Amino acid sequence: MTGVAILTVALVLLPLFAIFAYLVYKGIGSINLAFLTQTPKPVGEPGGGMANAIVGSMVILGIASLLGVPLGIGAGVFLSEYGRNRYGDIVRFVSDVLNGVPSIVIGIVAYGLVVMRQKHFSALAGGVALAIMMIPTIARTTEQMLLLVPQAIREAAYGLGVSRWRTTLSITLRTATSGVITGVMLAFARVAGETAPLLFTAFGNQFWNWKTDQPTAALSLQIFTYAISPFDEWHKQAWAGSLVLIVLIVSAVAAVRLAVKHGTLSGA
Amino acid sequence: MSNQALPRPRFNAPEPERGTKAALKIETRTAPLLQGKVSEIPDAVFGWAMRLCGLAVVALLALIVYQLVVGSQLSWHAFGLKFFGNSDWNPVEDQYGALPFMYGTIVSSLLSLVIAVPLSIGVAVFITEMCPVSLRGILSFTTELLAAIPSVVYGLWAIFVLVPILRIYVQPFLGKTLGWTGLFTGPPYGIGMLAAGVILAIMVIPIISSITREVLTVVPQHQREAVLALGATRWEMIRMGVLRNARAGIVGAIILGLGRALGETMAVTMVIGNRPEIAKSLFAPGYTMASVLANEFTEATGDLYLSALIEIGLALFFVTIVVNALARILVWSVTRGQPARNLA
């Protein structure tokens with residue numbers, strides 16, 4: 001039986017290594033300066049890149065974080081500090097359920113909320129869709145991290161006459177800072193590669209766009225468009241884009257973790 | 001001399017008069033510590049702000065339901081329940097039936113579970129029961145890395161690596177050996193239901209195996225020892241002492257994986273072939289609810305077309321809600337309220 005178990009492990013790890021190896025092998029050969037600094041070229045013209053998509057992804061993710069992170073942390077604080085009761089249980093259950101809603105359905109909702117009103121696709125709509133996906137993850141991890149803070153620390157603060165809101169912000173949240181930030185980064189990493197909710201919210205764009213109310217390119221969308229195209233040149237770019245996307249996600253997460261460990265962000 | 005440890009009898013001594021020297025002294029001494037007591041308004045404001053955030057989560061769900069229900073009204077009035085029983089999807093004549101998509105979603109998800117469940121349980125059992133402790137962390141980290149790869153990258157890999165492998169090696173072999181079942185007939189295109197099932201399996205393995213692992217770790221150690229003491233072999237111990245105890249949680253983990261597979265969009269869209277037909281053979285191309293949304297939503301020209309697509313979204317939403325709620329309850333029943341980690 002041990003043999004069978006080891007075989008399953010090997011079978012599971014095989015695709016993982018296959019994907020990474022293929023990604024690096026195909027991606028590195030296609031990344032060059034042009035890829036990182038130019039906008040897409042029409043079919044048949046060599047060169048071109050995904051610079052606008054890289055920036056577009058950052059803009060959309062920035063909007064999503066601005067909207068989703070405060071709300072998510074707030075909901076997490078509610079769950080751990082005010083939600084040890086029936087209402088908290090409802091919110092807890094709803095956020096777990098929300099976590100399982102398919103991303104494409106979230107895209108429809110953002111389409112109805114933002115795109116229908118603005119009358120065109122926009123970075124804002126994409127940001128809203130991703131924010132909706134971030135909130136439940138952040139809320140639940142924040143709650144778990146805050147619950148790890150010993151009750152005695154809160155009581156010590158109360159005993160010193162510190163008010164409840166000050167205790168929550170300066171004592172509880174501050175103690176749990178690194179955990180909360182890890183949760184935020186998990187949520188960030190999860191939505192950073194999302195494509196489905198962006199299809200009909202951000203829509204994609206072949207050119208530079210700096211306005212948040214206009215269709216915006218995103219790395220994942222560009223990868224999708226290029227992957228299903230019949231052109232070899234575009235397939236190469238899709239691989240390069242995937243590698244850049246994964247490197248960006250991993251480095252964003254690593255950078256924040258490092259800042260939490262060594263920098264000013266670290267908690268008490 | 002009075003003993004310091006004994007409580008002093010309470011005298012109803014007169015309080016110092018407000019404004020007198022004695023009262024002033026006490027107030028100034030304690031004031032910095034009791035700053036929070038000065039006003040309760042900030043406390044109330046903060047408390048309500050946090051409650052509002054909690055409420056926002058519930059409101060978000062309500063908003064999703066509202067958007068989907070309102071958006072699908074037109075299609076609901078036009079087709080009613082027949083929408084889900086009709087297999088005709090014809091935007092040109094404004095005829096819409098969701099059956100082929102439902103079929104595709106269900107078949108591809110079930111196929112992925114058939115592949116993923118034994119593998120993920122095997123991995124979970126290996127990590128918790130067999131492997132040396134030093135390997136444990138690395139292995140669980142690596143399996144969870146699988147969950148961090150974006151769906152579109154899976155799709156890309158599937159198009160250029162998985163599909164050719166299926167077309168050249170796997171499908172001819174399956175057709176030769178198992179063709180008589182009718183499940184593996186027809187030309188081996190590579191893309192199709194089988195490819196979708198395989199890539200979905202790779203994507204749900206991290207979810208199922210990590211939650212199964214969590215469930216297995218909460219099985220009490222003395223259960224294992226008791227079974228071993230009765231003379232069971234290690235395999236019998238795992239089967240009777242561990243797996244049977246964790247049954248409900250494992251089923252929960254599987255259903256959570258199903259929830260993920262049902263809603264997965266990009267990777268499936270890229271390899272399933274996108275043809276709204278119901279075919280028995282797994283080699284044939286199909287279509288899922290999520291991929292029809294991904295492909296046709298931006299191109300939906302008529303109001304009824306858009307409404308029909310939103311109704312598919314609504315159906316998908318309800319199915320995943322029910323599936324997820326069921327899974328959560330099952331996992332909670334084993335881990336006793338310790339929520340499974342949010343990985344999905």
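## Conventions

Axes are lines fitted to C-alpha atoms, for helices over the stretch in contact, and angles run from 0 to 180 degrees between N-to-C directions. Helices are DSSP runs (H or I, at least four residues), numbered from the N terminus, as are strands (E, at least two).

The model is predicted: local features need pLDDT of at least 70, side-chain atom pairs count only at pLDDT 80 or more, and totals for chains, interfaces and linings use all residues. Residues are numbered from 1 along each chain as its sequence is written, while chains are lettered from A and ligands numbered from 1 in the order in which they are written.

## Helices α5 and α7 of chain B

In chain B, α5 (residues 133-148) packs on α7 (residues 193-217) at an angle of about 135°, the axes being 7 Å apart.

## Helix α12 of chain B

Of the 8 residues in α12(B) (289-296), 6 are buried, meaning that 20 or more other C-beta atoms lie within 10 Å of the residue's own, with C-beta atoms placed from the backbone. They are B:Met289, B:Ala290, B:Ser291, B:Val292, B:Leu293 and B:Ala294. These residues pack against α5 (103-118) of chain A and against α4 (99-130), α10 (247-263), α11 (266-271) and α13 (303-335) of chain B.

## Chain A

Chain A has 11 helices and 0 strands. Its C-alpha trace spans about 70 × 60 × 35 Å along the principal axes. Of its 268 residues, 53% are buried.

Technical notes. A residue is buried if 20 or more other C-beta atoms lie within 10 Å of its own, exposed if 12 or fewer, and partly exposed in between; C-beta atoms are placed from the backbone. Two residues are in contact if their C-beta atoms, placed from the backbone, lie within 7 Å.
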